[in-house]
Amino acid sequence: MKYCQILGMAFVAFGQVGYASTINSPYSAQIFSSHTTFKDRRDANITKQDLDYSCGASSLSTILTYFYNQPTTEAQILEDMALDNMMSSFLDLAQVSEKYGFVGRGLLMDYETLSQIKIPAIVYLNHKRSDHFSVVRAIDSTHVYLADSSMGNRILTKKQFEKMWLAADNTSKDNNTKGKVLLILPTTDKQKQLSNVNFTTITQTQSLLKETTYLFRNFL
């Protein structure tokens, strides 16, 4: 599948009004009460990683479970990948996504292109000299909204995000302007119809920004 065809699917597949649904979905965005703790909001709709090396598996689990409404655990994905305590690659995640009826495609793209994609994306980051996979659930011209298996729901400025995303190892001559992205694409209309559009809705902005500033103050 060519680069433009892949991006076309990611741009258009969920752009039609009413195409995606949250009706009767047990994994729809949570409605928070006044008694909801910050931890509840921070970790809502995310598969938290249980192991040091499982950020890839938990990121894929987050997308399958909370966006596509196809409950899949981190443990299931790790078992299917059978990597023997090793951190997964984009290829590993793409291959295992096929077992659940999806197609995984790894791409290099710039920030502007990423901001136009209509579905969540797994990104490859480098933070404090550590490689890490995270999920971009929403993005605009100034901020990136992560559903991160380690840190929870976080908001980064474009500068903060690019410092981690563009620093991640890649062999492209465009490595100063492009970062690695893995798209998990649907293969059936049913998968599209069951998708949860609320997953990519931007909520709890102010409280998340306050916490994020503390965690990422070195990137300001």
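**Salt bridges and their setting**

Guide: Buried residues make up 49% of the 220 residues in the protein; buried means under 20% relative accessible area, exposed over 50%, and partly exposed in between, with a 1.4 Å probe and protein chains only. This is a predicted model, in which local features need pLDDT of at least 70 and side-chain atom pairs count only at pLDDT 80 or more, while totals for chains, interfaces and linings use all residues. Residues are numbered from 1 along each chain as its sequence is written, and side-chain values use heavy atoms, with hydrogens and water left out.

The search of the whole structure finds 2 salt bridges, a salt bridge being a side-chain nitrogen of Lys or Arg within 4 Å of a carboxyl oxygen of Asp or Glu. Side chains of opposite charge can pair when their charged atoms come close. Arg 42 pairs with Asp 43, with 3.0 Å between the closest N and O atoms, and both of these residues are buried. Asp 43 also forms a salt bridge with Lys 48, at 3.1 Å from N to O. Asp 43 counts as buried because its relative accessibility is 14%; Lys 48, at 27%, is partly exposed. Through shared partners, the salt bridges join Arg 42, Asp 43 and Lys 48 into one network.

As for the setting, the protein has 9 helices and 6 strands; helices (H or I, at least four residues) and strands (E, at least two) are DSSP runs, numbered from the N terminus. Of the contacts between residues at least 6 apart in sequence, 69% join residues at least 24 apart, where contact means heavy atoms within 4.5 Å.

The axes of H4 (residues 74-81) and H5 (residues 90-99) come within 10 Å and cross at roughly 105°; axes are lines fitted to C-alpha atoms, for helices over the stretch in contact, and angles run from 0 to 180 degrees between N-to-C directions. H4 and H5 are therefore roughly perpendicular, the term for angles of 65 to 115 degrees. Ile 77, Asp 80 and Met 81 of H4 make the contact with Asp 92, Leu 93, Val 96 and Lys 99 of H5. By class, the contact has 4 nonpolar, no polar and 3 charged residues.

Conventions. Angles under 35 degrees count as roughly parallel, over 145 as roughly antiparallel, 65 to 115 as roughly perpendicular and the rest as oblique. Ala, Val, Leu, Ile, Met, Phe, Trp, Tyr, Cys and Pro count as nonpolar, Asp, Glu, Lys and Arg as charged, and the others, Gly among them, as polar.
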